[in-house]
Amino acid sequence: PTLRAPTLRGARHPPPPAPTASAPPPPVPPTAGQAARGGRAHFSGAEFNGASLEMARLNHAWFVGTRFIANDLQEAKFVATNLKDAVFEGNFTLYTTFNESALDGCKGCSPDWR
């Protein structure tokens with residue numbers, strides 16, 4: 001049996017808008033995770049592997065038992081987050097803050113984060 005693609009003959013579609021010289025270029029979205037907001041998110045038991053969470057604001061989020069493996073966490077803000085039993089291995093944490101976060105049982109967490 002031969003499968004044929006459907007035709008759109010007779011379909012009425014408006015023509016695409018003509019480009020104008022005065023239209024501003026579309027905004028460039030940040031790469032995955034950059035400047036993201038994850039306030040009050042629940043990521044318990046998740047695994048972040050090779051993710052970019054650069055400049056992310058993760059206020060009051062839950063990361064109980066979450067694994068952070070080889071991530072870019074530069075300038076991320078973990079403010080009042082629950083990182084109990086989380087695992088940190090090989091992450092880039094330059095200027096990352098962990099203000100008022102629960103780090104009980106956290107493996108790979110620096111003592112400076114408390």
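Author: One term before the fold: strands here are DSSP runs of E, at least two residues each, numbered from the N terminus. Also, this is a predicted model.

Reader: Fine. What pattern does the protein chain follow along the sequence?
Author: The pattern reads β-β-β. The count for the protein chain is zero helices and three strands.

Reader: How many bridges join β2 to β3?
Author: Three, with β2 covering residues 67–69. As an example, arginine 67 has valine 87 in β3 as its bridge partner.

Reader: Charges next. How many salt bridges does the structure hold?
Author: One. Arginine 67 pairs with glutamate 47, and their closest N and O atoms are 3.8 Å apart.

Reader: Switching to the inside. What share of the protein chain is buried?
Author: Buried residues make up 27% of the 114 residues.

Reader: And which residues touch the most other members of the largest nonpolar core?
Author: Phe63, Phe68, Phe78, Leu83 and Phe88, out of 19 residues in that core. As background, nonpolar side chains tend to be buried together in soluble globular proteins.

Reader: Take phenylalanine 68. What is it in contact with, leaving aside neighbours within four places in sequence?
Author: Phe48, Leu53, Phe63, Phe78, Leu83, Val87, Phe88, Glu89 and Asn91.

Reader: Lots of rings there. How many aromatic pairs does a search of the whole structure find?
Author: Twelve. One involves phenylalanine 88 and tryptophan 113: the ring centres are 5.2 Å apart and the planes sit at 70°, so this pair is edge-to-face.

Reader: Where do phenylalanine 88 and tryptophan 113 lie?
Author: Phenylalanine 88 is in strand β3 (residues 87–89), while tryptophan 113 is in the segment after β3. The pair therefore ties together parts that are 25 residues apart in sequence.

Reader: Are phenylalanine 88 and tryptophan 113 buried or exposed?
Author: Both are buried. Tryptophan 113 has a relative accessible area of 16%, and the cut-off for buried is under 20%.

Reader: How do the rings of phenylalanine 98 and tryptophan 113 sit?
Author: Their centres are 4.1 Å apart and their planes are at 15°, so that pair is stacked. Phenylalanine 98 and tryptophan 113 both lie in the segment after β3, 15 residues apart. Phenylalanine 98 is buried, at 4% relative accessibility.

Reader: Which residues form the aromatic cluster?
Author: Phe43, Phe48, Phe63, Phe68, Phe78, Phe88, Phe98 and Trp113 form one cluster.

Reader: Last one. Of contacts with a separation of 6 or more, what share comes from residues 24 or more positions apart?
Author: 1% of those contacts in the protein chain.

Note on methods: Residues are numbered from 1 along each chain as its sequence is written. This is a predicted model: local features need pLDDT of at least 70, side-chain atom pairs count only at pLDDT 80 or more; totals for chains, interfaces and linings use all residues. Side-chain values use heavy atoms; hydrogens and water are left out. A nonpolar core is a set of buried Ala, Val, Leu, Ile, Met, Phe, Trp, Tyr and Cys residues joined through side-chain atoms within 4.5 Å. Buried means under 20% relative accessible area, exposed over 50%, partly exposed in between (1.4 Å probe, protein chains only). Contact means heavy atoms within 4.5 Å. Rings of Phe, Tyr and Trp (its six-membered ring) pair if their centres lie within 6.5 Å; planes under 30 degrees apart count as stacked, over 60 as edge-to-face and the rest as tilted. Helices (H or I, at least four residues) and strands (E, at least two) are DSSP runs, numbered from the N terminus. Two strands pair if DSSP finds at least two bridges between them. A salt bridge is a side-chain nitrogen of Lys or Arg within 4 Å of a carboxyl oxygen of Asp or Glu.
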